[in-house]
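The sequence and the structure are shown below.

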Amino acid sequence: IVRSDWLPGVVSTRQQLLAGVGAVFAAACSDGRLCMLSPEPAGGTNITAAAMQLIRPGLLQGLVAATVAGYAAQVRLGPVLEQVGARDTAALLRGETHRLVTSIFLHGDPLHMLRSLLGLLRLVPPAAAMFGDTQALLLFLLSGIGANLAAMRFGPADAPPSIGASASIFGLEGALLAYGLR
């Protein structure tokens with residue numbers, strides 16, 4: 001449900017909010033903080049920018065910070081962190097369930113991390129505006145955990161360990177799309 005108290009007078013339907021989801025870009029404002037830019041949807045109000053300004057900043061900043069911190073720890077600790085944090089079927093079967101979550105915040109290289117960050121910047125603001133911070137965070141985490149469990153259950157037993165937030169990001173995108181089609 002779109003929370004009208006977050007976007008008073010700006011969003012009247014979920015279709016209007018979804019109209020602004022597609023093209024969000026990050027840019028540095030003149031005062032150095034992160035700004036969100038989006039073209040005007042056909043019909044007027046810049047919904048994504050309005051959602052970005054009115055959303056409580058903690059969720060997006062927290063996910064970005066966790067992603068950057070995970071990669072920074074990888075750079076500092078080297079392959080050790082991937083060995084104890086990546087999704088690995090054998091390790092999960094031994095009970096190392098922390099890997100279901102830690103693998104979401106680890107990335108293979110700076111470009112991999114950057115693509116995840118761009119996905120977060122594009123999808124978290126409208127998801128949080130549409131579903132609320134708590135539900136958006138749960139969607140993000142449960143999508144990643146669910147994908148890790150599915151890979152463990154249906155993937156080959158000798159599959160190499162995997163890392164990244166792609167499944168979590170696709171989960172947010174799928175939730176936004178499904179909600180918009182209702």
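The side chains of Glu 173 and Arg 122 form a salt bridge with an N to O distance of 3.0 Å. A salt bridge is defined as a side-chain nitrogen of Lys or Arg within 4 Å of a carboxyl oxygen of Asp or Glu. Glu 173 belongs to helix α9 (residues 166-181) and Arg 122 to helix α7, so the pair ties together parts that are 51 residues apart in sequence.

The model is predicted: local features need pLDDT of at least 70, side-chain atom pairs count only at pLDDT 80 or more, and totals for chains, interfaces and linings use all residues. Residues are numbered from 1 along each chain as its sequence is written, and side-chain values use heavy atoms, with hydrogens and water left out.

## A network of charged residues

The structure holds three salt bridges. In one of them, Glu 96 pairs with Arg 94, the closest N and O atoms being 3.3 Å apart. In another, Arg 99 pairs with Glu 96, and here the closest N and O atoms are 2.7 Å apart.

Arg 94 counts as exposed at 59% relative accessibility, Glu 96 as partly exposed at 24%, and Arg 99 as buried, with a relative accessible area of 4%. Glu 173 and Arg 122, described above, are joined by a salt bridge in which N and O lie 3.0 Å apart, and this pair links helix α9 with helix α7. Salt bridges that share partners join Arg 94, Glu 96 and Arg 99 into one network.

Val 124 is found in helix α7 (residues 110-131) and is buried, with a relative accessible area of 1%. Val 124 and Leu 59 are 65 residues apart in sequence, yet their C-alpha atoms are 7.8 Å apart in space.

Leu 111 also lies in helix α7, but counts as partly exposed at 49% relative accessibility. Together with Leu 114 and Leu 118, Leu 111 makes a nonpolar surface patch of about 280 Å². Patches consist of residues with over 30% relative accessible area and no salt bridge; like charges are joined within 9 Å, and nonpolar side chains (Val, Leu, Ile, Met, Phe, Trp, Tyr) within 5 Å.

## Ser 143 and its surroundings

Ser 143 has its place in helix α8 (residues 133-154). A polar atom of the Ser 143 side chain lies 2.6 Å from the backbone oxygen of Leu 139. Residues up to four places away in sequence aside, Ser 143 touches Leu 138, Ala 167, Ser 168, Gly 171 and Leu 172, where contact means heavy atoms within 4.5 Å.

## Overall architecture

The protein has nine helices and two strands, arranged along the sequence as α-β-β-α-α-α-α-α-α-α-α. Helices (H or I, at least four residues) and strands (E, at least two) are DSSP runs, numbered from the N terminus.

Of the 182 residues, 42% count as buried. Among contacts between residues at least 6 apart in sequence, 74% join residues at least 24 apart. The protein exposes about 9,500 Å², of which carbon and sulfur atoms supply 65%; accessible areas come from the Shrake-Rupley method with a 1.4 Å probe, and for residues only the protein chains shown count as cover.

Terms used
Polar contact = N/O pair within 3.5 Å; in protein donor to acceptor, adjacent residues only side chain to side chain. Buried < 20%, exposed > 50% of the residue type's maximum accessible area, 1.4 Å probe, protein only.
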